[in-house]
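Biologist: I'd like to go through this one label by label. Could you tell me where each word comes from?

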Amino acid sequence: MAGIKALVALSFSGAIGLTFLMLGCALEYYGVYWPLFVLIFYFICPIPHFIAKRVSDDSDAASSACRELAYFFTTGIVVSAFGFPIILARVEAIKWGACGLVLAGNAVIFLTILGFFLVFGRGDDFSWEQ
């Protein structure tokens, strides 16, 4: 039952994050949909982790070069997702208010992704790996 509660909480927080992103795009005052390109970063963020988990055989090792490289790439993707709306606002493609809403949405979505891997990434009975 705890897994279902965690899944509901994660889906609720994901919906909140996407609402911030949509508000940054669709409000009449902002009206520009360039920040939606941040969705690409949301989709490619877990890919290095999946590849490293598939390639890495030592799950008991304290550190693995493959896992560290995956952390590095994931960090680059997350930093790029936070930098993209700031650059768009700096070149005046979007307004700074929209940038703030997109950054808030980024924070919520990436914390949701992190929470997903913390809750369901252990490999227990109720897991996404089954």
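Modeller: The protein has five helices and zero strands, and from the N terminus on the elements run α-α-α-α-α. Helices (H or I, at least four residues) and strands (E, at least two) are DSSP runs, numbered from the N terminus. This is a predicted model, where local features need pLDDT of at least 70 and side-chain atom pairs count only at pLDDT 80 or more, while totals for chains, interfaces and linings use all residues. Residues are numbered from 1 along each chain as its sequence is written, and side-chain values use heavy atoms, with hydrogens and water left out.

Biologist: Why are α3 and α4 called roughly antiparallel?

Modeller: They pack at an angle of about 175°, with their axes 8 Å apart. Axes are lines fitted to C-alpha atoms, for helices over the stretch in contact, and angles run from 0 to 180 degrees between N-to-C directions. Angles over 145 degrees count as roughly antiparallel (under 35 roughly parallel, 65 to 115 roughly perpendicular, the rest oblique). So α3 and α4 get the label roughly antiparallel.

Biologist: Which residues make the contact?

Modeller: On α3, Pro48, His49, Ala52 and Val55; on α4, Cys66, Arg67, Ala70, Phe73, Thr74 and Ile77. Contact here means heavy atoms within 4.5 Å.

Biologist: Why is the pair of Tyr29 and Tyr30 called edge-to-face?

Modeller: Their ring centres are 5.3 Å apart and their planes sit at 65°. Rings of Phe, Tyr and Trp (its six-membered ring) pair if their centres lie within 6.5 Å; planes under 30 degrees apart count as stacked, over 60 as edge-to-face and the rest as tilted. So that pair is edge-to-face. Trp34 and Phe37, at 5.7 Å centre to centre with 25° between the planes, are stacked.

Biologist: How do you know whether Tyr29 is buried or exposed?

Modeller: Tyr29 has 62% relative accessibility, so it counts as exposed. Tyr30 comes in at 19%, so Tyr30 counts as buried.

Biologist: What about Trp34?

Modeller: Trp34 has a relative accessible area of 46%, so it is partly exposed. Phe37, at 42%, also counts as partly exposed.

Methods
Buried means under 20% relative accessible area, exposed over 50%, partly exposed in between (1.4 Å probe, protein chains only).
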